[in-house]
Amino acid sequence: MRYVLAMHVVAVLALDGVVPFDLSVPGQVFGTTTTSGDVPLYEVRACTVPGGVRTSPRFGSMRVETPFRLATLATADTIVVPGHEDVRADPPAEVLDALRDAAARGARIASICVGAFLLAAAGLLDGRRATTHWRYARSLARRYPEVEVDPSVLYVDGGQVLTSAGVAAGVDLCLHIVRRDHGSATAARTARRIIMPPQRDGGQAQYIRHEDPPDGEASLQRTLAWLEANLHRPLTLDDIARHASVSVRTLTRRFREQAGTTPLQWLSRARVHRAQQLLESTDLPVERVAAEAGFGSPVTLRAHFARRVGASPLAYRGAFRTREPSP
């Protein structure tokens, strides 16, 4: 007996002035995501108004027209809104209505870069944490004060509504969605195909400052590699600073500059990621996962896991510790 996979439809909404790279990202990621048997898992449909749209002239003016229209949003499983040229312009009312209707029926909605402005205009980010390109974060916060704007991260997973920072962060977000849908192995396979790391550490705060570090300041790479190899140990700030041969104050400053976060926040995120890998790929009991990931106890693991992943370790394992569906 043969089973047919239900194709997950991803609608990519292209408005006038769309950024070409943002428009292409969902197709690059979701369009190359398959099972280990090379069966496609997503169908990507770029949607335009009749007559097509023009891309932002800053990135090469082109016209884009597809056979799919706004009505595609009514049945899509996931909707991705790329960045567009003029974030100050009022979006078309029919577009806002279509997004609100899609959200009301439970569709997952994501934005790339300044596409977050469109989600905010539709009211989908009210009371939520969200991100956008760091250059436009203040503008988003001023225009939509109901939104909790975080300019330091690459993306924010709010469950049904997700937002990402600029340019390549859209790839990070789409890979995260693949990981959420089908687990780390599938996301890693897709990442290899598009020549991207499966998951980048740090946030966009590491990209805001562009000057070189002062002479004599070493890279954190050696310390980060040491941390990855010692996640199971009960490390303190003093331990990390001692390994880096700097003071705690200097260590914290370097982490802010080079990793976009604090040492302990980086350590917590790395430990949660290790726990995710163990929950997906092994049958170890939660107590052992907690110890291997450096949380010490299941209670501590559950607290950190819930805050960063939004689920319990057992619920996460139930969702992702599964075999890939057979075609």
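Is H84 buried or exposed? H84 is buried, with a relative accessible area of 12%. Buried means under 20% relative accessible area, exposed means over 50%, and partly exposed lies in between (1.4 Å probe, protein chains only).

## Basis of the model

This is a predicted model, in which local features need pLDDT of at least 70 and side-chain atom pairs count only at pLDDT 80 or more, while totals for chains, interfaces and linings use all residues. Residues are numbered from 1 along each chain as its sequence is written, and side-chain values use heavy atoms, with hydrogens and water left out.

## Overall make-up

The protein chain has 14 helices and ten strands. Helices (H or I, at least four residues) and strands (E, at least two) are DSSP runs, numbered from the N terminus. Of its 327 residues, 49% count as buried.

Contact means heavy atoms within 4.5 Å. Among contacts between residues at least 6 apart in sequence, 64% join residues at least 24 apart.

## Around H84

H84 sits in the loop between β5 (78-81) and α2 (93-104). Leaving aside neighbours within four places in sequence, H84 contacts D16, G17, V18, V19, V114 and L118. V19 is 65 residues away along the chain, yet the C-alpha atoms of H84 and V19 are separated by 5.3 Å.

## Two nonpolar cores

A nonpolar core is a set of buried Ala, Val, Leu, Ile, Met, Phe, Trp, Tyr and Cys residues joined through side-chain atoms within 4.5 Å. The largest one has 60 residues. I79 and L99 have the most contacts inside it. I79 touches A11, L73, L99, A102, R108, I109 and A110, not counting residues up to four places away in sequence.

## V161 in strand β10

V161 is found in strand β10 (residues 161-164). At 6% relative accessibility, V161 counts as buried. I109, a contact of I79, is also touched by V161. Other contacts of V161 include L119, L124, L125, R128 and V156, with residues up to four places away in sequence not counted.

## Aromatic pairs

How many aromatic pairs are there? The count comes to two. Rings of Phe, Tyr and Trp (its six-membered ring) pair if their centres lie within 6.5 Å; planes under 30 degrees apart count as stacked, over 60 as edge-to-face and the rest as tilted.

F30 belongs to helix α1 (residues 20-30) and Y42 to strand β2 (residues 42-47), twelve residues apart, and the pair links distant parts of the chain. F30 and Y42 are buried.

F305 and Y316 form the other pair. Here the centres are 5.4 Å apart and the planes at 80 degrees, so the pair is edge-to-face. F305 is in helix α13 (residues 298-309) and Y316 in helix α14 (residues 313-320), eleven residues apart. Both F305 and Y316 are buried.

## Packing of α11 and α13

Helix α11 (residues 263-281) packs against α13 at an angle of about 95 degrees, with the axes 10 Å apart. Axes are lines fitted to C-alpha atoms, for helices over the stretch in contact, and angles run from 0 to 180 degrees between N-to-C directions. Angles under 35 degrees count as roughly parallel, over 145 as roughly antiparallel, 65 to 115 as roughly perpendicular and the rest as oblique. α11 and α13 are therefore roughly perpendicular to each other.

From α11, the contact uses Q265, S268, R269, V272, A275, Q276 and L279. They meet L301, H304, F305, R308 and V309 in α13. By class, this contact has six nonpolar, four polar and two charged residues. Ala, Val, Leu, Ile, Met, Phe, Trp, Tyr, Cys and Pro count as nonpolar, Asp, Glu, Lys and Arg as charged, and the others, Gly among them, as polar.

T300 also lies in helix α13. T300 is partly exposed, with a relative accessible area of 29%. Its C-alpha atom and that of A290, ten residues apart along the chain, are separated by 7.9 Å.

## Positive phi angles

D38 is not a glycine, yet has a positive phi of about 70 degrees. D38 is found in the loop between α1 and β2. C113, also a residue other than glycine, has a positive phi near 55 degrees. C113 lies in the loop between β6 (108-111) and α3 (116-121). C113 is buried, with a relative accessible area of 9%.
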